[in-house]
Amino acid sequence: MDTEAAVLLDDLGRLRNRTRQDSHGYWLPLLLFGVLILVAPVLYGAAGITVPTNGNIDVYGPELHIGGLGFYPLSLFTSFQLDVSGLAVGLYWLGVVVVGMLVTLAWYRWRALRVGVQPRTGTYLLYALGGLLVCVLPVPLVAGLLIDALGGSDKASALLSVAVLVVGIVLTALCARGRSRNVMRWIGLVVGIVLVLIGTSDVTFLANTHGYGGLFVIAIGIVGLAWMERSRLCGVVAVLFVAAALLADLYDMENVLSGYPVSTQTITFDNLVLPAAVLIVGGIVALTAGRRSRQ
(Lines give C-alpha, C1' and ligand atoms only; values in the text may rest on other atoms or scores of the structure.)
Protein backbone atom coordinates (compact mmCIF):
# COMPACT_ATOMS: atom_id res chain seq x y z
CA MET A 1 0.00 0.00 0.00
CA ASP A 2 2.85 2.35 0.89
CA THR A 3 4.58 1.45 -2.36
CA GLU A 4 1.47 2.28 -4.38
CA ALA A 5 1.10 5.60 -2.57
CA ALA A 6 4.75 6.46 -3.25
CA VAL A 7 4.36 5.64 -6.93
CA LEU A 8 1.20 7.75 -7.10
CA LEU A 9 2.98 10.69 -5.45
CA ASP A 10 5.88 10.34 -7.89
CA ASP A 11 3.47 10.35 -10.81
CA LEU A 12 1.71 13.42 -9.45
CA GLY A 13 5.05 15.15 -8.96
CA ARG A 14 6.11 14.42 -12.54
CA LEU A 15 2.72 15.59 -13.82
CA ARG A 16 2.99 18.81 -11.82
CA ASN A 17 6.49 19.47 -13.14
CA ARG A 18 5.37 18.73 -16.70
CA THR A 19 2.38 21.04 -16.33
CA ARG A 20 4.64 23.79 -15.00
CA GLN A 21 7.03 23.32 -17.91
CA ASP A 22 4.13 23.50 -20.37
CA SER A 23 2.97 26.77 -18.83
CA HIS A 24 6.41 28.41 -19.17
CA GLY A 25 6.24 30.99 -21.90
CA TYR A 26 8.60 33.71 -20.70
CA TRP A 27 10.97 33.12 -23.61
CA LEU A 28 8.79 35.28 -25.88
CA PRO A 29 8.68 38.36 -23.58
CA LEU A 30 12.44 38.10 -23.09
CA LEU A 31 13.05 38.00 -26.84
CA LEU A 32 10.50 40.76 -27.48
CA PHE A 33 11.98 43.22 -24.99
CA GLY A 34 15.51 42.32 -26.07
CA VAL A 35 14.75 43.12 -29.72
CA LEU A 36 12.92 46.36 -28.83
CA ILE A 37 15.90 47.50 -26.76
CA LEU A 38 18.26 46.65 -29.60
CA VAL A 39 16.13 48.69 -32.04
CA ALA A 40 16.33 51.82 -29.85
CA PRO A 41 19.68 53.09 -31.28
CA VAL A 42 18.02 53.44 -34.68
CA LEU A 43 15.50 55.86 -33.15
CA TYR A 44 18.22 57.75 -31.29
CA GLY A 45 20.07 58.23 -34.57
CA ALA A 46 16.93 59.55 -36.26
CA ALA A 47 15.58 61.67 -33.37
CA GLY A 48 18.04 64.53 -33.57
CA ILE A 49 17.05 67.70 -31.74
CA THR A 50 15.77 70.63 -33.73
CA VAL A 51 16.12 73.81 -31.68
CA PRO A 52 12.81 75.72 -31.80
CA THR A 53 12.64 79.46 -32.38
CA ASN A 54 12.09 80.19 -28.66
CA GLY A 55 15.32 78.36 -27.78
CA ASN A 56 13.63 75.79 -25.51
CA ILE A 57 14.59 72.15 -26.04
CA ASP A 58 12.40 69.32 -24.77
CA VAL A 59 15.29 67.26 -23.33
CA TYR A 60 13.07 66.12 -20.45
CA GLY A 61 9.90 65.65 -22.48
CA PRO A 62 6.55 67.29 -21.71
CA GLU A 63 5.91 68.92 -18.34
CA LEU A 64 2.93 67.87 -16.19
CA HIS A 65 1.38 69.99 -13.42
CA ILE A 66 -0.37 68.64 -10.33
CA GLY A 67 -1.70 71.62 -8.45
CA GLY A 68 1.22 74.01 -8.16
CA LEU A 69 3.83 71.28 -8.67
CA GLY A 70 5.40 70.76 -12.06
CA PHE A 71 7.44 67.72 -13.13
CA TYR A 72 8.40 65.74 -16.22
CA PRO A 73 6.73 62.29 -16.25
CA LEU A 74 8.98 61.02 -19.07
CA SER A 75 12.22 62.29 -17.50
CA LEU A 76 13.41 58.74 -16.67
CA PHE A 77 12.91 57.74 -20.31
CA THR A 78 14.69 60.66 -21.96
CA SER A 79 18.36 61.39 -22.56
CA PHE A 80 19.73 64.77 -21.51
CA GLN A 81 23.32 63.88 -22.49
CA LEU A 82 22.67 63.20 -26.18
CA ASP A 83 21.40 65.49 -28.91
CA VAL A 84 18.05 63.74 -29.29
CA SER A 85 14.45 64.79 -28.84
CA GLY A 86 13.35 64.00 -25.30
CA LEU A 87 9.74 63.66 -26.41
CA ALA A 88 10.48 61.17 -29.21
CA VAL A 89 12.83 59.04 -27.11
CA GLY A 90 10.57 59.18 -24.06
CA LEU A 91 7.52 58.11 -26.04
CA TYR A 92 9.50 55.24 -27.57
CA TRP A 93 10.50 53.80 -24.19
CA LEU A 94 6.98 54.32 -22.88
CA GLY A 95 5.67 52.46 -25.93
CA VAL A 96 8.18 49.65 -25.40
CA VAL A 97 6.96 49.11 -21.85
CA VAL A 98 3.24 49.37 -22.63
CA VAL A 99 3.26 47.40 -25.90
CA GLY A 100 5.58 44.76 -24.43
CA MET A 101 3.29 44.37 -21.43
CA LEU A 102 0.16 44.01 -23.58
CA VAL A 103 1.83 41.52 -25.94
CA THR A 104 3.02 39.48 -22.96
CA LEU A 105 -0.47 39.28 -21.48
CA ALA A 106 -1.97 38.38 -24.87
CA TRP A 107 0.73 35.72 -25.37
CA TYR A 108 -0.02 34.00 -22.06
CA ARG A 109 -3.73 34.15 -22.80
CA TRP A 110 -3.17 32.48 -26.18
CA ARG A 111 -0.96 29.82 -24.56
CA ALA A 112 -3.64 29.13 -21.95
CA LEU A 113 -6.16 28.41 -24.70
CA ARG A 114 -3.64 26.19 -26.47
CA VAL A 115 -2.14 24.13 -23.61
CA GLY A 116 -4.89 24.51 -21.03
CA VAL A 117 -2.62 26.01 -18.35
CA GLN A 118 -2.23 29.68 -17.50
CA PRO A 119 -0.02 31.15 -14.77
CA ARG A 120 -1.25 34.01 -12.63
CA THR A 121 -0.60 36.82 -15.07
CA GLY A 122 -1.93 39.28 -12.52
CA THR A 123 1.42 38.95 -10.73
CA TYR A 124 3.30 40.11 -13.82
CA LEU A 125 0.76 42.86 -14.48
CA LEU A 126 1.13 44.12 -10.90
CA TYR A 127 4.92 44.34 -11.20
CA ALA A 128 5.01 45.81 -14.71
CA LEU A 129 2.17 48.30 -14.34
CA GLY A 130 3.22 49.23 -10.80
CA GLY A 131 6.80 49.85 -11.95
CA LEU A 132 5.58 52.00 -14.84
CA LEU A 133 3.26 54.12 -12.69
CA VAL A 134 5.91 54.63 -10.02
CA CYS A 135 8.49 55.71 -12.60
CA VAL A 136 6.25 58.24 -14.37
CA LEU A 137 4.64 59.80 -11.27
CA PRO A 138 6.34 59.71 -7.84
CA VAL A 139 9.91 59.13 -9.04
CA PRO A 140 10.31 62.33 -11.11
CA LEU A 141 8.07 64.32 -8.76
CA VAL A 142 9.72 63.33 -5.47
CA ALA A 143 13.23 63.33 -6.92
CA GLY A 144 12.77 66.81 -8.38
CA LEU A 145 11.46 68.16 -5.09
CA LEU A 146 14.36 66.68 -3.12
CA ILE A 147 17.01 67.97 -5.52
CA ASP A 148 15.45 71.44 -5.52
CA ALA A 149 15.22 71.44 -1.72
CA LEU A 150 18.91 70.54 -1.44
CA GLY A 151 20.00 73.16 -3.95
CA GLY A 152 20.69 70.71 -6.73
CA SER A 153 23.28 68.78 -4.73
CA ASP A 154 23.21 65.26 -6.13
CA LYS A 155 25.59 63.93 -3.45
CA ALA A 156 23.53 65.27 -0.57
CA SER A 157 20.34 64.09 -2.24
CA ALA A 158 21.76 60.59 -2.75
CA LEU A 159 22.91 60.29 0.88
CA LEU A 160 19.56 61.51 2.17
CA SER A 161 17.67 59.17 -0.16
CA VAL A 162 19.68 56.11 0.89
CA ALA A 163 19.12 56.99 4.55
CA VAL A 164 15.37 57.45 3.99
CA LEU A 165 15.24 54.18 2.03
CA VAL A 166 17.00 52.21 4.79
CA VAL A 167 14.77 53.69 7.52
CA GLY A 168 11.68 52.92 5.42
CA ILE A 169 12.73 49.31 4.81
CA VAL A 170 13.48 48.71 8.50
CA LEU A 171 10.24 50.34 9.64
CA THR A 172 8.17 48.44 7.07
CA ALA A 173 9.79 45.11 8.02
CA LEU A 174 9.24 45.68 11.75
CA CYS A 175 5.60 46.70 11.33
CA ALA A 176 4.84 43.88 8.87
CA ARG A 177 6.07 41.16 11.24
CA GLY A 178 3.47 39.03 12.93
CA ARG A 179 -0.23 38.66 12.27
CA SER A 180 -1.51 41.06 14.89
CA ARG A 181 -2.22 44.58 13.71
CA ASN A 182 -2.94 47.57 15.90
CA VAL A 183 -3.32 51.22 15.02
CA MET A 184 0.33 52.07 15.66
CA ARG A 185 1.54 49.17 13.50
CA TRP A 186 -0.71 50.21 10.62
CA ILE A 187 0.54 53.78 10.90
CA GLY A 188 4.15 52.59 11.01
CA LEU A 189 3.58 50.33 8.01
CA VAL A 190 2.10 53.16 5.95
CA VAL A 191 4.88 55.56 6.96
CA GLY A 192 7.49 52.92 6.16
CA ILE A 193 6.06 52.31 2.70
CA VAL A 194 5.98 56.06 2.01
CA LEU A 195 9.61 56.39 3.11
CA VAL A 196 10.62 53.46 0.89
CA LEU A 197 8.83 55.10 -2.03
CA ILE A 198 10.54 58.44 -1.42
CA GLY A 199 13.99 56.89 -1.03
CA THR A 200 13.58 54.64 -4.05
CA SER A 201 12.32 57.55 -6.15
CA ASP A 202 15.38 59.71 -5.71
CA VAL A 203 17.87 56.82 -5.91
CA THR A 204 16.28 55.71 -9.18
CA PHE A 205 16.33 59.25 -10.55
CA LEU A 206 19.98 59.77 -9.65
CA ALA A 207 20.94 56.37 -11.11
CA ASN A 208 19.42 57.44 -14.43
CA THR A 209 22.53 59.31 -15.53
CA HIS A 210 22.32 58.30 -19.21
CA GLY A 211 18.57 58.42 -19.69
CA TYR A 212 17.91 54.69 -20.00
CA GLY A 213 15.42 54.59 -17.14
CA GLY A 214 13.08 52.52 -19.30
CA LEU A 215 15.41 49.60 -18.59
CA PHE A 216 14.52 49.87 -14.89
CA VAL A 217 10.80 49.50 -15.65
CA ILE A 218 11.48 46.53 -17.94
CA ALA A 219 13.62 44.98 -15.19
CA ILE A 220 10.78 45.27 -12.67
CA GLY A 221 8.46 43.50 -15.11
CA ILE A 222 10.96 40.69 -15.71
CA VAL A 223 11.36 40.19 -11.95
CA GLY A 224 7.57 39.87 -11.78
CA LEU A 225 7.67 37.46 -14.71
CA ALA A 226 10.21 35.25 -12.91
CA TRP A 227 8.11 35.28 -9.75
CA MET A 228 4.96 34.43 -11.69
CA GLU A 229 6.65 31.56 -13.51
CA ARG A 230 8.54 30.30 -10.43
CA SER A 231 11.46 29.86 -12.82
CA ARG A 232 15.09 29.86 -11.67
CA LEU A 233 16.31 30.49 -15.21
CA CYS A 234 14.07 33.53 -15.60
CA GLY A 235 15.22 34.69 -12.16
CA VAL A 236 18.86 34.47 -13.23
CA VAL A 237 18.06 36.42 -16.40
CA ALA A 238 16.28 39.06 -14.30
CA VAL A 239 19.30 39.49 -12.00
CA LEU A 240 21.71 39.72 -14.93
CA PHE A 241 19.44 42.22 -16.68
CA VAL A 242 19.24 44.45 -13.58
CA ALA A 243 23.05 44.47 -13.44
CA ALA A 244 23.29 45.24 -17.17
CA ALA A 245 20.71 48.04 -16.85
CA LEU A 246 22.66 49.66 -14.02
CA LEU A 247 25.88 49.37 -16.04
CA ALA A 248 24.21 50.99 -19.06
CA ASP A 249 23.02 53.91 -16.95
CA LEU A 250 26.08 54.43 -14.79
CA TYR A 251 29.02 53.75 -17.09
CA ASP A 252 30.03 54.97 -20.56
CA MET A 253 30.24 51.64 -22.39
CA GLU A 254 31.37 53.39 -25.58
CA ASN A 255 34.74 53.93 -23.90
CA VAL A 256 35.19 50.16 -23.92
CA LEU A 257 33.52 49.19 -27.19
CA SER A 258 34.07 52.12 -29.56
CA GLY A 259 36.26 54.76 -27.99
CA TYR A 260 35.60 58.51 -28.10
CA PRO A 261 34.32 60.48 -29.98
CA VAL A 262 31.52 58.46 -31.57
CA SER A 263 28.07 59.17 -33.00
CA THR A 264 24.85 59.30 -30.98
CA GLN A 265 23.65 56.06 -32.56
CA THR A 266 26.90 54.26 -31.74
CA ILE A 267 26.91 55.53 -28.14
CA THR A 268 23.36 54.28 -27.66
CA PHE A 269 24.13 50.92 -29.22
CA ASP A 270 27.22 50.41 -27.05
CA ASN A 271 25.22 51.10 -23.90
CA LEU A 272 22.17 49.03 -24.80
CA VAL A 273 23.74 46.01 -26.51
CA LEU A 274 24.54 44.22 -23.23
CA PRO A 275 21.02 44.50 -21.68
CA ALA A 276 19.51 43.46 -25.01
CA ALA A 277 21.92 40.53 -25.32
CA VAL A 278 21.03 39.29 -21.82
CA LEU A 279 17.34 39.11 -22.73
CA ILE A 280 17.84 37.67 -26.21
CA VAL A 281 20.25 34.96 -25.06
CA GLY A 282 18.02 34.22 -22.06
CA GLY A 283 14.98 33.91 -24.32
CA ILE A 284 16.79 31.55 -26.71
CA VAL A 285 18.03 29.36 -23.84
CA ALA A 286 14.53 29.24 -22.32
CA LEU A 287 12.97 28.31 -25.67
CA THR A 288 15.55 25.58 -26.27
CA ALA A 289 15.16 24.19 -22.75
CA GLY A 290 11.37 24.16 -23.08
CA ARG A 291 11.50 22.21 -26.32
CA ARG A 292 13.89 19.64 -24.86
CA SER A 293 11.67 19.10 -21.81
CA ARG A 294 8.68 18.29 -24.04
CA GLN A 295 10.54 15.67 -26.09
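Analyst: Start with a definition. Helices are DSSP runs of H or I with at least four residues, strands are E runs of at least two, and both are numbered from the N terminus. The model is predicted. Its chain comes to 11 helices and two strands.

User: What pattern does the chain follow along the sequence?

Analyst: The pattern reads α-α-β-β-α-α-α-α-α-α-α-α-α.

User: Which residues form the nonpolar patch on the surface?

Analyst: Leu64, Ile66, Leu125, Leu129, Leu133 and Leu137 form the patch. Together they have about 450 Å² of accessible area. Two elements give two or more residues each: β1 (64-66) and α4 (121-136). The most comes from α4, with three residues.

User: Why is Ile66 called partly exposed?

Analyst: Ile66 is found in strand β1. Its relative accessible area is 44%. Buried means under 20% and exposed means over 50%. The value for Ile66 falls in between, so Ile66 is partly exposed.

User: How do you know that the span of helix α8 agrees with its number of residues?

Analyst: Helix α8 covers residues 214-229, which is 16 residues. The expected span is 1.5 Å times one less than the number of residues.

User: Is α8 mostly covered or mostly open?

Analyst: Mostly covered. In α8, 13 of the 16 residues are buried, with buried meaning under 20% relative accessible area. Over the chain of 295 residues, buried residues make up 39%.

User: What follows α8?

Analyst: Arg230 does. Its phi is positive, near 50°.

User: How many cavities of 30 Å³ or more does the structure hold?

Analyst: One. The largest cavity has a volume of about 40 Å³. A cavity is a set of points where a 1.4 Å probe fits but cannot get out.

User: Which residues line the largest cavity?

Analyst: The lining is Phe33, Val97, Met101, Tyr124, Ala128, Val217, Ile218 and Gly221. Lining residues have an atom within 4 Å of a point of the cavity.

User: Which elements supply at least two residues of that lining?

Analyst: They are α3 (86-115), α4 and α8. The most comes from α8, with three residues.

Conventions
Residues are numbered from 1 along each chain as its sequence is written. This is a predicted model: local features need pLDDT of at least 70, side-chain atom pairs count only at pLDDT 80 or more; totals for chains, interfaces and linings use all residues. Side-chain values use heavy atoms; hydrogens and water are left out. Patches are made of residues with over 30% relative accessible area and no salt bridge: like charges are joined within 9 Å, nonpolar side chains (Val, Leu, Ile, Met, Phe, Trp, Tyr) within 5 Å. Accessible areas come from the Shrake-Rupley method with a 1.4 Å probe; for residues, only the protein chains shown count as cover. A salt bridge is a side-chain nitrogen of Lys or Arg within 4 Å of a carboxyl oxygen of Asp or Glu. Buried means under 20% relative accessible area, exposed over 50%, partly exposed in between (1.4 Å probe, protein chains only). On a 1 Å grid over the protein atoms alone, a cavity is a set of points where a 1.4 Å probe fits but cannot get out, and a pocket is an open set with protein on both sides within 12 Å along at least five of seven lines; lining residues have an atom within 4 Å of a point. Grid points are joined across faces, edges and corners, and a volume is the space filled by probe spheres set on the points.
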